[in-house]
Structures are given as structure tokens and as C-alpha cells.
Amino acid sequence: MRESELLQHVYDTADGPTRQVPIPPGDDMAMLLVGEVPVLAAVDQVIDGRHFDLDTTPLELVGRKAVTRSLSDVAAMASHPVALLVTVALPSDFGHDRATALFDAMRETARYYECPLVGGDITLHRDASSPLVCTVTVLARPGPAGAVTRSGARSGDTLYVTGRLGGSLGPDGLGRHLTFEPRISVALGLAENLQTRLHAMIDISDGLGRDAAHLARCSGVRIEIDAARIPCADGVDWRRAASDGEDYELCFAAAGEVPSTLAGVPVTAIGRVFEPGPGTVAPVEIRVGAESIDATRLGWEHRS
Ligand SMILES: [Mg+2]
């Protein structure tokens, strides 16, 4: 079973945009109209053994990651976070003090990003071997350029990424995937600066190759990335930078001038957007010297 195939089924069988749901499933967040007010909503989960290892990860960082992953989706829509709701399923022997520490970490992280925790639920598993699961729902409101989707990239755009990519999961299971900064202020700065020239955006969770492919498919375009331009984290080559995932940086398509740093974060042009090629051409290719590599499967996928 592949996560991407399941998600594709969900997207294929979802209703298209309607007046009530202008952005349907398939983007970083959905948008719905509450009365006449546009509200963005998304839900995400982190699970022990999958997204972190409870044996080595401090609870403060588990709680932080549960919240910041959802906030990264708000950044991807260039929107303002509004509120969070959290549910937690705890192993039966988790204990009161650790549960309190986990909850405090989530509330403090939410407070830090001015996105209050307004509700949720706590369940105890029947046994001690079932994993800790934290599920976070985030609500947001559109930023200065509206809600920026994955589907607006067009031929002639330049493709950019923020920050540096790869190596977010350290050899000890710790690392940047736990401590990353959700790029909300960068995204809002881009929206303010570029307005309608900011055409499409996604946050990099699965890996640059795979996430750029989501953007290309949603926009109906083809993307070429120059391997030499990908900003790599220390000790990481372009291939890992394009495939490791859990960077929680932004990948976006824009026209015209784009600032080279925003809120102290580097913004790097890494590729170009083209009309879709014939059926045999991959939606995202990485150019390495004279060679072109299909990048659409470079990245992380959950499988059983
Ligand atoms: Mg996302």
C-alpha cells in the first residue's frame, strides 16, 4: 500500500471547487466559506516510530513538531494561523507527568506562533505497546496575496526554495526535522512583496523532487531543476537535498524579481517552469550536467 495512491483516490473522488469549498482536498490546506468569511483548514498527525522516536526524543520536541508541521502547511498557503485543535492517543502506561509535559509543549509552541490551542481530546490506548499519536488540526485565514495554492504555476515562472535542504534527520533520530522553523513570516513576506506574482507554493515535507512534482501536476506544468543550484545543508549532496524530505522549507513558483533573503532566510532560484511536455516526459526533471533525471520519485513515501 502506498500513501500517494490512497491520497490520489481521495483527491480523485473529492468534489471539485464549489462556492462553499473554493479549495477542495489536494492542497496543503482546504479553504471553506464560513458565511462569507474564507477559512483554511488542515489536519496532520505524528506517530511514535514513524515521525519521531520516543526513546530518544524529548517530549518537548515531540509536542513542538506536532504543532509546527501543521503550521508549515499554513506557511505553504502564505496564510495567517488562527487556532489549533489537538487530539492525543497515549500508551496506557504513559503517565500523568509526561502527558502534561507533552500538552504544555504543544500549548507553548502554539502560543509562540500566536495560534492558540482552543480544544481537543485525550484518549488512553488499551495497552502500553500502542504508539503515541498526536493529531493537530489548524485553522488559518488568507494572507496578503490570498490563499496561495499548488495549482497556479505557469510556463515562464522561476522555481525557488527557501533555506537549505537535506539531512534533516540526524543519525541519532534527532535533528532539524524536530526543530525547524515553520516559514510563516517568510511566506507572508513573499506574499506582501510579490502579491499576484507569487503563483504557487508548497512546503517540502516529502522531499523536493516529490513535492515539486505535486506542484507541477496540480499546475499542469513541467519543471526543470538545476542540481547545481539546489541549496544543500552541510554535508549533504544534491541527491539527498532533493530526496531526504522533512525540510519544511517552501518551494514556490513566481514571476519577476524575488528578494534573495526574507526574514533572514535565503531564497534561491533552482529551476524553471515550462509548458507540459509529451506524455513520456516526467513533470519534474533535475539537470545534472548534460543528464536529466526523473525527480518525481525522489523523496519519502509511507508504505506498508
Ligand atoms: Mg504540506
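User: What share of the 304 residues counts as buried, and what makes a residue buried?
Analyst: Buried means under 20% relative accessible area, exposed over 50%, partly exposed in between (1.4 Å probe, protein chains only). By that rule, 48% of the 304 residues of the chain are buried. This is a predicted model: local features need pLDDT of at least 70, side-chain atom pairs count only at pLDDT 80 or more, and totals for chains, interfaces and linings use all residues. Residues are numbered from 1 along each chain as its sequence is written, and side-chain values use heavy atoms, with hydrogens and water left out.

User: What radius of gyration would a compact globule have with 304 residues, and what does the chain have?
Analyst: The rule is 2.2 Å times the number of residues to the power 0.38, taken over C-alpha atoms. For 304 residues it gives a value near 19 Å; the chain has 19 Å, so the two agree.

User: Which residues are the protein donors of the magnesium ion?
Analyst: Donors are N, O and S atoms within 2.8 Å of the metal (3.2 Å for Na, K and Ca); water is not among the atoms, so sites may look incomplete. Asp28 (OD), Asp73 (OD) and Asp203 (OD) lie 2.1 Å from the ion, and they are its protein donors. Their sequence spacing is D-x44-D-x129-D.

User: Why does the pair Asp28 and Asp203 tie together separate parts?
Analyst: Asp28 lies in the loop between helix H1 (3-13) and strand E1 (30-34), and Asp203 in strand E7 (residues 198-203), so the parts they join are 175 residues apart in sequence. Helices (H or I, at least four residues) and strands (E, at least two) are DSSP runs, numbered from the N terminus. Both Asp28 and Asp203 are buried.
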